[in-house]
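This report walks through one protein model. It begins with the terms and then turns to the fold, the confidence and selected sites.

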Amino acid sequence: MKTYAELLKVRGVTRVVLSQLLARFPHGMLSIAFLIHVERIHNSYAAAGLVVGAISLGEAIAGPISSRLMSRWGMRPLLSVMAVVAVVLFSAMAIIPFSVPVMILLGFIAGCSYPPIQPAVRTIYPKLVPNRLLTPLFSLDATAQEIIWIVGPVLTTFVAVQFGSTEAILTAMAFLAVGGAWFITSPSVGQVRIPPSKRRLGGVLTRSPVIISMTLGLTLVATFSAVEAGIIGLYGKEGPEAGWILAIYALGSLVGGLAWGHREIAPWSLTRRLVVITAGLVAASFSSDFWWLSLTLFISGLGVAPALTVLFANISATMKFSETAESYAWIGTGQLIGVGVGAAVAGFCIDHFGAPSAIVAATGFAVITVLGAVVAYKWSPDLRGTTGVPLPDTGPLETIS
């Protein structure tokens with residue numbers, strides 16, 4: 001905790017962390033809101049899963065391209081335009097009762113326009129703090145984002161139940177508008193310049209840390225997405241229970257991140273943390289009781305933030321600074337595809353086999369992730385004793401003073 005307190009005393013850190021957290025808050029709200037919204041309009045979880053999948057696919061495809069454009073156009077202009085377009089499109093989808101095909105199309109376009117806040121902020125971090133504080137900063141970021149998943153589901157289900165799913169989506173857009181403006185106007189966003197990468201688009205995918213973090217991030221986030229859909233399928237129509245269970249799941253991640261996320265990262269660290277996630281989900285598959293799901297998902301959540309810390313730290317420590325934004329974007333692409341895959345598979349399972357089957361599907365995704373980590377062990381970097389700072393590019397780089 002002393003390390004985290006020292007971090008927050010560094011000039012600019014608190015504003016960047018809090019503002020990007022608000023701007024990314026819709027990630028903890030939109031999938032639940034659209035699952036409820038589309039299901040209420042069209043009476044189909046499968047259709048709702050397809051809409052959520054289209055939103056995620058759009059963001060996944062656009063992420064690497066928009067992150068690459070930040071080096072050409074600058075962070076501030078690009079993020080500003082994309083944020084405005086995203087708010088307009090998502091708000092239209094909330095207000096107007098479009099058909100399923102139109103919702104899927106608009107969801108894809110809206111996903112493409114969602115600003116790449118996560119790649120931007122993780123590119124800023126190495127220029128914001130001393131080298132020795134970089135790994136703790138990544139841990140703090142991965143841990144703090146669990147606030148999104150603690151408050152987001154509860155807030156979304158509360159607003160959807162008390163006022164309506166349209167209002168839940170518009171609430172998410174309010175977070176994007178306010179948080180995005182606060183982050184975009186931060187001095188750090190204007191001061192950091194990303195040098196153009198010498199690789200072609202997608203060239204970073206030849207590096208094993210990017211491939212590992214992207215593919216395992218896909219199956220890991222598919223796990224979370226399937227859990228979310230399953231809990232919504234079980235409790236979403238009856239009251240706030242779904243939001244509370246998902247909040248407890250995220251609370252476990254918050255606790256795990258604060259307790260273990262700052263530890264040095266070895267090649268086997270990811271596998272160990274994934275085993276915790278999987279063990280909790282295996283137990284959760286045996287009962288749909290509220291308290292049992294709350295307990296087992298809390299245990300599963302203990303490994304979430306520490307596992308995500310590994311995925312992002314592996315990039316920071318092994319890639320050149322000019323390549324980090326695109327690398328983080330590809331990881332984000334994998335995770336967003338995972339959201340879509342998890343939601344689509346879970347939606348199909350719910351419609352055909354019942355809501356509890358979505359938790360079983362989530363467990364399957366978790367097992368696949370553990371097996372993937374075991375296979376990737378020998379290509380995983382050993383970060384013990386390193387600073388985690390990106391490799392330098394040739395030529396001068398601007399830093400925050």
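## Terms and basis

A residue is buried under 20% relative accessible area, exposed over 50%, and partly exposed in between, with a 1.4 Å probe and protein chains only. By that rule Asn43 is exposed, at 61% relative accessibility.

This is a predicted model: local features need pLDDT of at least 70, side-chain atom pairs count only at pLDDT 80 or more, and totals for chains, interfaces and linings use all residues. Residues are numbered from 1 along each chain as its sequence is written, and side-chain values use heavy atoms, with hydrogens and water left out.

## Overall fold

The protein has 18 helices and zero strands. Helices (H or I, at least four residues) and strands (E, at least two) are DSSP runs, numbered from the N terminus. Of the 401 residues, 60% are buried.

Contact means heavy atoms within 4.5 Å. Among contacts between residues at least 6 apart in sequence, 85% join residues at least 24 apart. The accessible surface comes to about 15,300 Å², and carbon and sulfur atoms hold 70% of it. Accessible areas come from the Shrake-Rupley method with a 1.4 Å probe; for residues, only the protein chains shown count as cover.

## Confidence

pLDDT is the predictor's confidence in each residue, from 0 to 100. The protein averages 82, and 87% of the residues score at least 70. Confidence is lowest in helix H1 (residues 2-9), with a mean of 70. It is highest in H15, at 94.

Residues 390-401 need care in reading. Their pLDDT stays under 50. The model has 32 contacts for them beyond four places in sequence.

## Helix H15

H15 covers residues 290-301, 12 residues in total. The expected span of a helix is 1.5 Å times one less than its number of residues. For H15 that gives 16 Å, and its end C-alpha atoms are 16 Å apart, which agrees.

A polar contact is a pair of N or O atoms within 3.5 Å; within protein, one must be able to donate a hydrogen and the other to accept it, and residues adjacent in sequence count only if both atoms are side-chain atoms. At the start of H15, a side-chain oxygen of Asp289 comes to within 3.1 Å of the backbone nitrogen of Trp291. The buried residues of H15 are Phe290, Leu293, Ser294, Thr296, Leu297, Ser300 and Gly301. An α-helix has 3.6 residues a turn, so residues three or four places apart point the same way.

## Helix H18 and Ala362

Helix H18 (residues 356-375) has 20 residues. Its first and last C-alpha atoms are 30 Å apart, close to the expected 28 Å. Its buried residues include Ser357, Ile359, Phe365, Thr369 and Val370.

Ala362 is found in H18. It counts as buried because its relative accessibility is 0%. Beyond four places in sequence, Ala362 touches Thr223, Ala226, Val227 and Leu281. Val227 is 135 residues from Ala362 along the chain, yet their C-alpha atoms are separated by 5.8 Å.

## Other sites in helices

Cys112 is in helix H6 (residues 100-113). It is partly exposed, with a relative accessible area of 22%. Leaving aside neighbours within four places, Cys112 is in contact with Gly58, Glu59, Ala62 and Met82. Cys349 is buried, at 12%. The structure holds zero disulfides, a disulfide being a pair of cysteine sulfur atoms within 2.5 Å.

Pro136 is in helix H8 (residues 134-144). At 11% relative accessibility, Pro136 is buried. Pro136 and Thr309 are 173 residues apart in sequence and 9.4 Å apart in space, C-alpha to C-alpha. Ser269 belongs to helix H14 (residues 269-284) and is buried, at 8%. Not counting residues up to four places away, Ser269 touches Glu264 and Val310. Ala181 lies in helix H10 (residues 165-184) and is partly exposed, at 41%.

## A positive phi in a loop

Where does Asn43 lie? Asn43 is in the loop between helix H3 (30-42) and helix H4 (45-73). Its phi is near 55°, a positive value in a residue other than glycine. Most residues other than glycine have a negative phi, and most peptide bonds are trans.
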